[in-house]
Amino acid sequence: EHAHRRVSQFLVCVRGRCSLLLDDGSNRAEIQLDAPNVGVLIPPLVWGAQFHFSADATLLVLASEPYEASDYIRDYDEFLRIVRPATDV
């Protein structure tokens, strides 16, 4: 479970099936990937989690940038602070 600050990801379950949870801080959606010709583009600042993998699942993840640890947001509360900043009253 994490989000990225700048990186986009494209996920395809090339074998088997799995579920994705996507959360932009205001809306949540659960998507099942169960066909190799269907993929999901996850833009930056969307929290994602993958689960319910079938025993034969192979999930392909393509990233728009090389790995950089500082791009990851691994704490959900920090993610919410970034996507829902406090407003002045």
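Here are some questions and answers about the cysteines and the cavity of this predicted model.

Me: How many disulfides does the structure hold?
Reply: A disulfide needs two cysteine sulfur atoms within 2.5 Å. Cys13 is in no disulfide, and the nearest cysteine sulfur, that of Cys18, is 4.1 Å away. For the structure, the number of disulfides is 0.

Me: Is Cys13 buried or exposed?
Reply: Buried means under 20% relative accessible area. Cys13 has a relative accessible area of 0%, so Cys13 is buried. Cys18 also has a value of 0%, and therefore Cys18 too is buried.

Me: How much space lies in the largest cavity?
Reply: Let's start with the count: the structure holds 1 cavity of 30 Å³ or more. The space in the largest cavity is about 60 Å³.

Me: Which elements give two or more residues to the lining of the largest cavity?
Reply: The lining includes His2, Ala3, His4, Gly48 and Gln50. The elements that give two or more residues to this lining are β1 (3-4) and β6 (47-51).

Me: How many residues of the lining of the largest cavity are charged?
Reply: Among the residues around this cavity are Val7, Gln9, Ile42, Pro43 and Val46. The lining divides into 5 nonpolar and 5 polar residues. As for charged residues, there are none: no charged.

Conventions: Residues numbered from 1 in each chain as written. Predicted model: local features only at pLDDT ≥ 70, side-chain atom pairs only at ≥ 80, totals over all residues. Heavy atoms only, no water. Buried < 20%, exposed > 50% of the residue type's maximum accessible area, 1.4 Å probe, protein only. 1 Å grid on protein atoms, 1.4 Å probe; cavity = no way out; pocket = protein on both sides within 12 Å on 5 of 7 lines; lining within 4 Å. Points joined across faces, edges and corners; volume = space filled by probe spheres on them. Helix = DSSP H or I, 4+ residues; strand = E, 2+ residues; numbered from the N terminus. Nonpolar A, V, L, I, M, F, W, Y, C, P; charged D, E, K, R; others polar.
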